[in-house]
Amino acid sequence: MLFLAVLIALAAAVVAEYLLYSRRAFDRLTYRASFSASEVAVGDDVYLYEEIKNEGHLPIPFLKVDTDLPEGLEFTLIGVDRERGGRSISSTRSIQSIFVLHSNSRVRRRWRVRAKKRGEYRLGGVVVSVGDVLGLNTVSRRLELSAGSRTSVVVLPAPRPLSAMSASSRMLCGDLISALCPVTDPQRTVGTREYTVYDPMNRINWKSTAVHGKLMVNIEERTVRPRFSVLLNMNSRQIEQRPDTPSDPGSVEKGITLCASLFDRIAAEEVPARLFVNAPPPDGCDDAVLPVGDGAISVYGPWRGRSRMIDAMRTLARLPMEISLPPEKMFDFIISTPALFGENENLVVVSPYIDGRMINFESLLRERGVRVVFYITSSRNTAGALPPSVYFDLG
């Protein structure tokens, strides 16, 4: 009889323990995570800090955490080979961890994360599995991320050197001398001449005046500063399987990287740069949008100098992989308003492919006084013979 009572008591204890962990194990579990930086470039490392806290009095003898990263980020794991004395490095998007979490305790961890692809990434929750003391029951649930700072990171595209085949346009040159400009540039002095009553006093060159014994003024060049306009085509092919999504995002990503390389190259030349793209603007972006029929062309910039080119990289990082306007409608709209896109008789088009319509587009704009330069990021060519202003960048 005593044995039966003990058996019943043990069974009741097991059932009570089972129900307790099934219903109460997640009541006081919280999850926090943050990045060590809010902005990195492709190929850089950033640290991910995690904290799992048990704020209750119920100890958790078995806790398994599945941490997944968004596509474009990877954990960098470094292993030690004690026999050979070397190290091995591996990468993965998902990690499983198992440990014991006592009552009113927490676990903090730091992971090295490699940025593999440009974009804006936000941390989410984790899947947590909790087991009871006897190991009879394991319950899984998703813990959402508690509010905190630096829960997202922006991965900027990494500019690369332009290949020899990717000759740049003539507008990568800064100031241009123009006899038609009504304003002279005081920083470009090409000589001196004798003073007249029409000259302002701030142009007097006192050293030359002392040498010649009469008032002499500086001769200043008349310069204009061109704009640099880039048109990015988000279509990866002439005909997409889905009209609002590129079927080959890899070739579009190459185009975005090429745009970053172009902007990085002109950053030191103080040339204002603008970007036109047939993609919807990112969330929270207040740049102009040109409505064209049922779609739109997004307009970003102008940016000038290295201090502002970081804004260009942020814009490229956050571009969605979507198509807001078919390229043929975009080209027709540009032909109808060439001065808006080729302000200084120059337009650079970055596209994953080139076809006969683009060649006609280049010819029509050339007739209107706008020079078009193409950068193609794949070998897709259905245009046949190409003009000399087409460059293929397949790196």
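In strand 19, Ser298 is the bridge partner of Val289. This bridge belongs to a predicted model, and it is one of four that join strand 18 (residues 289-292) to strand 19 in the antiparallel sense. The two strands form a hairpin with two residues between them. Gly293, in the turn, has a positive phi of about 60 degrees. Strand 19 also pairs with strand 17, again antiparallel and over four bridges; here Val299 of strand 19 is the bridge partner of Phe276. Strand 19 is mostly covered, with seven of its nine residues buried.

Helix 3 has 18 residues, which at 1.5 Å a residue should span 26 Å; the distance between its end C-alpha atoms is 26 Å, so the two values agree. Its buried residues are Ser251, Val252, Glu253, Gly255, Ile256, Leu258, Cys259, Ala260, Ser261, Leu262, Phe263 and Ile266. The cover over these buried residues includes strand 16 (228-232), strand 17, strand 19, helix 4, strand 20 (346-354) and strand 21 (371-381).

Helix 4 comprises the 13 residues 306-318. From its first C-alpha to its last it reaches 19 Å, close to the 18 Å expected at 1.5 Å a residue. Met309, Ala312, Met313, Thr315, Leu316 and Ala317 are buried in this helix.

Strand 2 and strand 12 are parallel and share three bridges, and Val155 of strand 12 is the bridge partner of Val40.

The largest pocket holds about 320 Å³ of space. It is lined by 15 residues, of which Glu120, Arg318, Leu319, Pro320 and Met321 are the closest to its centre. Strand 9 and helix 4 each supply at least two residues of the lining.

A further open sheet contains four strands in the order 7-4-10-11, with antiparallel pairing. Strand 7 (94-101) and strand 11 (138-143) stand at the edges; each has a single partner strand, so one side of each is left without a neighbour in the sheet. Neighbouring strands of this sheet are turned by 20 degrees against each other on average, direction ignored. Within the sheet, strand 4 (residues 60-68) and strand 10 (residues 126-131) run antiparallel and are joined by five bridges. Val130 of strand 10 is the bridge partner of Leu63.

Ile219 is located in strand 15 (residues 216-224). Ile219 and Asn205 are 14 residues apart along the chain, and their C-alpha atoms are separated by 9.7 Å.

How values were computed
Residues numbered from 1 in each chain as written. Predicted model: local features only at pLDDT ≥ 70, side-chain atom pairs only at ≥ 80, totals over all residues. Heavy atoms only, no water. Expected span 1.5 Å × (residues − 1). Buried < 20%, exposed > 50% of the residue type's maximum accessible area, 1.4 Å probe, protein only. Pairing = 2+ DSSP bridges. Axes fitted to C-alpha atoms, helices over the stretch in contact; angles between N-to-C directions. Contact = heavy atoms within 4.5 Å. 1 Å grid on protein atoms, 1.4 Å probe; cavity = no way out; pocket = protein on both sides within 12 Å on 5 of 7 lines; lining within 4 Å. Points joined across faces, edges and corners; volume = space filled by probe spheres on them.
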